[in-house]
Amino acid sequence: MAKQTSGTFRTFALAATVLAMMMAISFIPPLYAEDFTLRRTNIFSELYSFGDSKPERLLPPEVDVDDFDVDMDDVAEQVAVVQEQIAPTAETSISWNMMSEDMTAYVADTLAREPAEAAAFDERDFLALLPGEEQIVKVEDFGDSLTSPLQLLYDKLLSGKAVHIGFMGDSFTENDILTADLRSMLQELFGGGGVGYAPFASPHASYRRTVKTTSSGWKPYHIILDSRIPEPYSGDFFVSGWVARASEGASTLWQLTDAVAHSSECDVARLYFIARHDAELQLTLEEQDSTFTVVGGEQVRQVVMRKERIASLRARVLSGAEGFTAIGAEFYSEGGLSLDNLSIRSNNGQALLRSNPSVNAQINQMHPYDLIILQYGLNILTAERKNYSLYAEQVVKIVRYVEQCFPGAAIIIMGVSDRSAKDENGNFVPMESARNLAWWQREAADSCGVAFWNTHEAMRRKGGMDAFVEKGWAGKDYTHIGYGGGRQVARSMFHALVWGVHTRQQHLRHEAFLRQPVLADSVKDSVNSVILRNDRDF
């Protein structure tokens, strides 16, 4: 009997010891490493949760900052040199005019007009072109409500003057997805034609519907892979992200298509390149050939061609191929709206910091940009991350870089698009972290005093990425839109921009009304209160 009691006591003592150890282990916090988690052993899981979650700070950084370092003071100095010393000359800017004398005189008269007075601004009813106000995802302008670059852009659209837009994005808009339709819609409303920018050569050129590019004899280089690019080409990048090295006889044929309205309505073509040695170019414009001698040098060269209708252009390097850097071509209509697709796949925006500020500034001097749209973020979006503050800091740096290279241009940051990812059951569900990233992008726009447009919200109002895939507007990766989805997003952005033009138009009407000398003070006070309310909506 004594032995049985002793055995029972030992069993009880052992069980109590194990229980005490398990209780103690339950209070040991989980351990984390980059690739694995050692979870907490919790014997109280049915009664109590410790609320363990992997700390955000242990996630790897969302962006590689060191690889994209740039000295902004050096950027400013390079741009200042361009503005002070590198004006286009007869050596760097060649003109080939094939227009009739009457058309040449008309174009010269159009370009020489003084800016329109407010009373002469476009008086069309833009509101009639829009859905209900509650359906519009508006552009938020964090600049001065009356004199920001975006408000001045609206003035320019209302005045009927030429407007040049640069759309800098990633694979979301590659091959002119979204941008083709946005360009077409804006040209339909504000005039203009053509497909904007196209590179001399790239592996992806064949996928673009709006311009067919056939090239031979070129070695194209991509800005993301700059470690593989030999000198001097690695230092020649424009924000388009592509350059091409020439061999003797290298040629490119661009043929504009009718994929969207106005894409083939072009009367101006520009070529951008660097010829370090004297070179000969043969250009074929609508089956008419001409040969041009280019004086060698380090500056960006351009050839500007004008003809009543340009549907195709061929450029061939006859001599001087060594050190010849082909940058790209632009196709547009004089006096109208043009939009360049400058998208770079696999780019979160930081690749712009690898472009050459001097090249950017020289091209901007030749054909200045009035608006830059920045569409990035898809390449860093993950379901696990909620905090994108480091990326927001880089967005601020990107904006400051763009402001230096393209002074005076309005800037709109597009928030990241909607996206879906597989859950633990293998089903695609909305990636809620996209809202977080869009919030941080908006914060960056606010801190820079530029504008923001919420792409994610615009897509969610149309059912989100799940609906886009179901309707055939997006790919089965639940990440990239197709041409159908691009048209939907373009329409939403078009409505946002037209709303901005309409609101600016109303403000200018109020201003003109207040300038009337016989207006009673009491009426002025009433109208001023309306202006203040409207200004807050800008």
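Axes, in what follows, are lines fitted to C-alpha atoms, for helices over the stretch in contact, and the angles between them run from 0 to 180 degrees between N-to-C directions. The model described here is predicted, so that local features need pLDDT of at least 70 and side-chain atom pairs count only at pLDDT 80 or more, while totals for chains, interfaces and linings use all residues. Residues are numbered from 1 along each chain as its sequence is written, and side-chain values use heavy atoms, with hydrogens and water left out.

The secondary structure of the protein comes to 12 helices and 20 strands, where helices (H or I, at least four residues) and strands (E, at least two) are DSSP runs numbered from the N terminus. Of the 538 residues in the protein, 51% are buried; buried means under 20% relative accessible area, exposed means over 50%, and partly exposed lies in between, with a 1.4 Å probe and protein chains only. Among contacts between residues at least 6 apart in sequence, 79% join residues at least 24 apart, a contact being heavy atoms within 4.5 Å.

We can turn next to the interior. In soluble globular proteins, nonpolar side chains tend to be buried together. A nonpolar core is a set of buried Ala, Val, Leu, Ile, Met, Phe, Trp, Tyr and Cys residues joined through side-chain atoms within 4.5 Å. The largest such core holds 111 residues, of which L182, F238, L374, F406, W453 and I481 touch the most other members. Helix α11, residues 483–514, gives the most to this core, with 11 residues. Apart from it lies another core, of 36 residues, which includes A244, A269, L285 and V294. Returning to F238, and leaving aside its neighbours within four places in sequence, this residue is in contact with Y197, I327, L342, S355, V359, N360, I363, Y369 and F406.

Helix α11 also takes part in a helix pairing. Two packed helices are described by the angle between their axes and the distance between the axes. The axes of helix α4, residues 149–159, and α11 come within 9 Å and cross at roughly 85 degrees. The two helices are therefore roughly perpendicular to each other, given that angles of 65 to 115 degrees count as roughly perpendicular, under 35 as roughly parallel, over 145 as roughly antiparallel and the rest as oblique. On the α4 side, Q151, L152, Y154, D155, L157 and L158 meet L497, G500, V501, R504, Q505 and L508 of α11. The residues of this contact divide into seven nonpolar, three polar and two charged, where Ala, Val, Leu, Ile, Met, Phe, Trp, Tyr, Cys and Pro count as nonpolar, Asp, Glu, Lys and Arg as charged, and the others, Gly among them, as polar. Eight of the 11 residues of α4 are buried, so this helix is largely enclosed by the rest of the structure; the buried ones are L150, Q151, L153, Y154, D155, L157, L158 and S159. Just after α4, G160 takes a positive phi of about 80 degrees.

A second pairing joins helix α2, residues 72–85, with helix α7, residues 389–405, whose axes come within 9 Å and cross at roughly 15 degrees. That angle makes α2 roughly parallel to α7. In this contact M72, V75, A76 and V79 of α2 meet K397, R400, Y401, Q404 and C405 of α7, and by class there are six nonpolar, one polar and two charged residues.

The backbone has some features of its own. Most residues other than glycine have a negative phi, and most peptide bonds are trans. A cis peptide bond, with omega about 5 degrees, joins E231 and P232, and P232 has its place in the loop between β7 and β8. E286, in the loop between β10 and β11, has a positive phi near 50 degrees although this residue is not a glycine, and at 26% relative accessibility E286 counts as partly exposed. Y478, found in the loop between α10 and α11, likewise has a positive phi, of about 55 degrees, but at 16% relative accessibility Y478 counts as buried.

T213, in strand β7, is buried, with a relative accessible area of 14%, and is in contact with P199, F200, A205, T252, L253 and W254 when neighbours within four places in sequence are left aside. Q288, in strand β11, is partly exposed at 41%; not counting residues up to four places away in sequence, Q288 touches W96, M98 and L283.
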